[in-house]
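Open your viewer and bring up the chain. Let's take a short tour, one selection at a time.

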Amino acid sequence: MNKWIDRLMGVPVEESPVEKVIEKLPENVDEVYKARWVWYHTILAGEIFLTNILLIALIIVVAIK
């Protein structure tokens with residue numbers, strides 16, 4: 001709470017660790033995010049595909065019995 005008041009009064013306040021990390025991020029953060037997004041969703045789609053195959057196999061096994 002005191003840091004918030006100090007900022008209002010114009011007293012210099014030490015940067016938070018989060019702000020320091022954000023400043024060190026590379027310029028191409030958007031490109032990195034897009035690449036990770038594509039890989040994440042590709043892996044997710046593969047997992048969903050395998051889950052659907054297992055569910056279809058389970059339905060077939062239950063239908064035969």
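A helix here is a DSSP run of H or I at least four residues long, numbered from the N terminus. With that in mind, select Tyr33, which you will find in helix α3. Keep in mind as you look around that this is a predicted model.

Next, show the whole chain as a cartoon.

Now color by confidence. The chain has an average pLDDT of 82, and 69% of the residues reach at least 70. Select residues 2-9, helix α1, where the mean is lowest at 67. Then move to residues 29-64, helix α3, where the mean is highest at 92. Where pLDDT is low, the predicted coordinates should not be read in detail.

Of the 65 residues, 0% are buried.

Is Tyr33 buried or exposed? Its relative accessibility is 55%, so Tyr33 counts as exposed, the cut-off being over 50%.

Notes
Residues numbered from 1 in each chain as written. Predicted model: local features only at pLDDT ≥ 70, side-chain atom pairs only at ≥ 80, totals over all residues. Heavy atoms only, no water. Buried < 20%, exposed > 50% of the residue type's maximum accessible area, 1.4 Å probe, protein only. pLDDT = per-residue confidence, 0-100. Helix = DSSP H or I, 4+ residues; strand = E, 2+ residues; numbered from the N terminus.
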